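Student: I have a new structure to read. Can you show me how to take it feature by feature?
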Amino acid sequence: MVWRPADEKRMIPPRFDPPFVPARECRWVLWIACRLASAVLRWREGVGRVTLRAEDWERLRALRRERLILCANHPGGTEPILAFWLAARLGTRFHYLAARDLFTSWRAWLLPRLGCYSVRRGYADRESIRETMRLLAEADARVVIFPEGEIYQLNDRMLPFQSGVVTLGFWALIRLRELGKPLRLPLVPVAIKYRCLDAAERPVRESLSRLERALSLPDGADLAPYPRLARVGERLVAAVEEELGLAPPGETSLPERIAAVKERLLARIASALGVRPFPGDTFVERLRAAYNALHDFAVEYADARNDYERRQHLRRQEQVHPIYEDWSRLYRFVAVSGDYVAERMTAERFLELLDRLETEVLGRRVVSWRREALVRVGEPLDLAAHLADYERDRHGTIQAITAELEARIGGMLQELAASGTPLGGAGAKSVGHCGTE
């Protein structure tokens with residue numbers, strides 16, 4: 001099986017029952033999972049090779065018995081499996097903070113037994129906080145948290161980090177002091193980038209042809225890939241503008257038009273929910289606020305006390321679906337600015353954007369690609385060294401450390417971005433790697 005990114009069309013659950021799911025590790029499940037991790041990466045996730053430099057591997061080995069918080073960027077749905085594979089290779093165990101809505105169906109049984117525990121996004125989830133404190137301060141565990149809070153699906157960029165991971169770290173240090181334990185809690189920054197293992201010309205060409213047919217564009221087989229992609233993008237944006245009643249001035253650039261489409265969709269969600277414009281200084285912050293408001297709207301009558309309230313809840317669920325479709329479209333295009341491929345024309349960027357375009361235009365993904373996971377491990381950030389600063393200025397210190405963590409991972413990611421595959425070749429051979437092949 002080849003890789004498909006995580007599905008953005010996650011239906012909002014009517015309620016969380018139970019609200020919190022703790023980790024319930026099971027030795028035999030972990031034993032089996034450790035032995036299957038390489039096969040899952042290769043056949044389910046399409047990751048044929050994992051590459052670390054020797055110094056990065058040694059940095060992880062030196063920390064494999066210490067309590068820590070491992071923080072990584074989150075470009076796809078594969079990173080938790082990749083972290084599990086790393087733990088298995090290191091001969092240690094990680095715990096994983098995961099969104100509560102992932103704990104459904106068979107995953108509700110499996111994930112806790114692999115060391116995952118839940119958190120409700122957009123809430124002060126006290127049970128999840130207590131579990132994190134227990135794991136870090138009492139069990140001296142290694143906890144994996146993705147500070148972006150959402151899957152981004154673009155290799156070379158990140159969402160702004162949320163400050164919760166740093167806040168949890170300082171709370172754990174205070175708890176360690178209360179227990180009389182050594183005040184040590186490193187934040188370990190990890191950057192992950194995926195690179196093509198196979199030549200990308202054919203899947204790019206076939207995807208562009210599918211999109212051209214769906215948008216009633218003439219066959220562009222005689223054009224280079226980027227002019228074809230730009231033509232598809234222009235037609236798609238024009239179609240969405242017409243749907244939303246937008247008429248941009250003639251001189252408006254494509255990035256400006258895309259930004260206007262996002263703002264109109266966000267305003268439409270706010271209007272459908274009957275709320276004021278979503279708070280936040282950035283578009284991503286307002287998108288997160290929109291998700292929280294949408295979830296609140298969906299669960300308002302979940303705890304129905306009588307037949308009428310149950311009918312109200314069913315009506316509310318029917319109302320939610322079209323609103324959530326708008327949110328899903330925003331989520332798909334949150335990183336699309338009109339210049340992502342143009343600034344660095346790699347096979348990976350083409351395929352990432354084509355994946356989003358296919359989801360929007362065709363309603364499903366068809367394009368796929370086998371990947372190599374490049375993993376870079378940065379110098380740990382000693383959180384205990386900043387505890388006194390935190391106690392003097394909590395907000396300022398949390399913001400500063402969050403910015404530092406984001407800068408460290410972002411810097412490594414920018415270095416890895418230079419290793420992208422030019423459209424026309426397969427991924428370069430790696431050195432100093434720990435491979436699944």
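Tutor: Start with one term. Buried means under 20% relative accessible area. Keep in mind that this is a predicted model. Now take strand β3: five of its five residues are buried.

Student: Which residues point each way from β3?

Tutor: His-95, Leu-97 and Ala-99 point one way. Tyr-96 and Ala-98 point the other way. All are buried.

Student: Which strands pair with β3, and in which sense, parallel or antiparallel?

Tutor: Strands count as paired if there are at least two bridges between them. β3 and β5 pair in the parallel sense over two bridges. β3 and strand β4, residues 116-119, also pair in the parallel sense, over four bridges. Look at Tyr-96 for both pairings. Tyr-96 stands opposite Val-144 in β5, and opposite Cys-116 in β4.

Student: Now β7. How many of its residues are buried?

Tutor: Strand β7 covers residues 371-377, and seven of its seven residues are buried. Arg-371, Ala-373, Val-375 and Val-377 point one way. Glu-372, Leu-374 and Arg-376 point the other way. Note that the buried set includes Arg-371, Glu-372 and Arg-376.

Student: Which strands are joined to β7, and how do they run?

Tutor: Five bridges join strand β1, residues 47-52, to β7, and these two run parallel. Arg-49 stands opposite Glu-372 there. Seven bridges join strand β6, residues 186-196, to β7, and this pair runs antiparallel. Here Lys-193 has Leu-374 as its bridge partner.

Student: Where do Ser-105 and Asp-140 sit?

Tutor: Both are in loops. Ser-105 lies between β3 and α4. Asp-140 lies between α5 and β5.

Student: Are Ser-105 and Asp-140 exposed or partly exposed?

Tutor: Exposed means over 50%, and partly exposed lies between that and buried. Ser-105 has a relative accessible area of 60%, so Ser-105 is exposed. Asp-140 is at 28%, so Asp-140 counts as partly exposed.

Student: Now step back. How many helices and strands does the protein have?

Tutor: The protein has 15 helices and eight strands. Its radius of gyration is 22 Å, close to the 22 Å that the globule rule gives for 437 residues, so the protein is as compact as a globular protein of that length. The C-alpha trace spans about 70 × 65 × 45 Å along its principal axes.

Student: What share of the residues is buried?

Tutor: Buried residues make up 52% of the 437. Check the contacts as well. Of those with a separation of 6 or more, 76% come from residues 24 or more positions apart.

Student: What about surface and charge?

Tutor: The protein exposes about 20,000 Å², and carbon and sulfur atoms supply 54% of it. There are 67 positive and 60 negative side chains. The centres of the two sets lie 5 Å apart.

Notes:
Residues are numbered from 1 along each chain as its sequence is written. This is a predicted model: local features need pLDDT of at least 70, side-chain atom pairs count only at pLDDT 80 or more; totals for chains, interfaces and linings use all residues. Side-chain values use heavy atoms; hydrogens and water are left out. Buried means under 20% relative accessible area, exposed over 50%, partly exposed in between (1.4 Å probe, protein chains only). The radius of gyration is taken over C-alpha atoms; the globule rule is 2.2 Å times the number of residues to the power 0.38. Contact means heavy atoms within 4.5 Å. Accessible areas come from the Shrake-Rupley method with a 1.4 Å probe; for residues, only the protein chains shown count as cover. Lys and Arg count as positive and Asp and Glu as negative; His and the chain ends are not counted. The place of a charge is taken as NZ of Lys, CZ of Arg, CG of Asp or CD of Glu.
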